[in-house]
Amino acid sequence: MTSPFVYDFGYPWPITWIHLVPIVVGLGAAALGVRLGWRHWVVGLWGVIGIWGIVGLILTHTMMGGLNAPQRVPSDRFMASGRGRVLDVGAGSGRALIGLLLARPQVTGTALDIYTGFFGITDNTPERMLRNARIAGVVSRADTVTGRQEDAVVRRQLRCGDQLLRHRPYGPGGSVEGDP
Ligand SMILES: C[S@@+](CC[C@H](N)C(=O)[O-])C[C@H]1O[C@@H](n2cnc3c(N)ncnc32)[C@H](O)[C@@H]1O
């Protein structure tokens with residue numbers, strides 16, 4: 001399992017670390033309650049909130065390999081031959097693409113993204129995508145293209161992949177005719 005501190009995918013902290021709030025508040029209040037002699041059930045309730053936070057934090061950072069780690073390929077059948085090229089549409093900081101490149105060592109991939117505005121990733125840049133790919137040791141098999149998925153020119157240039165990794169719908173024009 002990869003530590004949640006290795007990669008920087010730019011997910012806002014309320015997504016990755018929100019459970020710290022019930023942990024600190026719940027366990028803090030429980031400790032205070034013990035000290036001040038609160039009723040047992042009140043102390044217990046705060047303790048349960050703290051423990052719920054701990055369980056949530058552990059699940060967030062372990063399930064499917066963890067939220068702040070490269071995404072596991074959800075199906076063994078995806079690019080099962082282990083080779084080919086993939087176009088990750090809306091790749092952002094690269095969690096899905098890097099996960100795929102790690103799982104399929106002979107696959108190469110292109111990260112297509114507008115890299116502007118906010119779609120759940122803070123300070124989204126192609127540089128960060130490549131930085132994460134370097135950390136994973138897959139940067140030699142990854143590149144980035146900055147453009148809109150619905151841009152005909154970009155799509156024509158990129159119509160080279162064997163497989164598409166798609167994340168949609170993202171904003172107006174997110175649905176495109178003629179997708180493979
Ligand atoms: C929720 S993020 C997902 C990023 C990444 N796939 C992940 O799993 O972490 C959605 C991404 O889609 C990109 N995006 C939104 N609209 C787009 C468009 N029209 N063309 C290309 N990328 C777009 C955003 O910039 C953002 O990086």
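Predicted model: local features only at pLDDT ≥ 70, side-chain atom pairs only at ≥ 80, totals over all residues.

Student: OK. At what angle do α2 and α3 pack?

Tutor: About 155 degrees, with the axes 7 Å apart. Helix α2 covers residues 20-36 and helix α3 covers residues 40-60. Angles over 145 count as roughly antiparallel, so α2 is roughly antiparallel to α3.

Student: Is the crossing of α2 and α3 left-handed or right-handed?

Tutor: Left-handed. On the α2 side, the contact residues include Gly26, Ala29, Ala30 and Gly33. From α3, Trp46, Gly50 and Gly53 are among them.

Student: How many charged residues does that contact have?

Tutor: It has no charged residues; the α2 contact with α3 is made up of 13 nonpolar and five polar ones.

Student: Switching topic: how many residues are in the largest nonpolar core?

Tutor: That core has 19 residues, and Leu97, Ile98, Leu101 and Val138 have the most contacts inside it. At least two residues each come from β1 (83-89), α4 (95-103), β2 (106-113) and α5 (126-136).

Student: Which of those gives the most?

Tutor: α4, with six residues.

Student: And leucine 112, buried or exposed?

Tutor: Buried: 28 other C-beta atoms lie within 10 Å of leucine 112. Leucine 112 sits in strand β2.

Student: How far is leucine 112 from glutamine 149?

Tutor: They're 37 residues apart in sequence, and 7.3 Å apart in space, C-alpha to C-alpha.

Conventions
Residues numbered from 1 in each chain as written. Axes fitted to C-alpha atoms, helices over the stretch in contact; angles between N-to-C directions. Helix = DSSP H or I, 4+ residues; strand = E, 2+ residues; numbered from the N terminus. Parallel < 35°, antiparallel > 145°, perpendicular 65-115°, else oblique. Left-handed = near helix turned anticlockwise from the far one by under 90°. Contact = placed C-beta atoms within 7 Å. Nonpolar A, V, L, I, M, F, W, Y, C, P; charged D, E, K, R; others polar. Core = buried A, V, L, I, M, F, W, Y, C linked by C-beta atoms within 7 Å. Buried ≥ 20, exposed ≤ 12 C-beta atoms within 10 Å, placed from the backbone.
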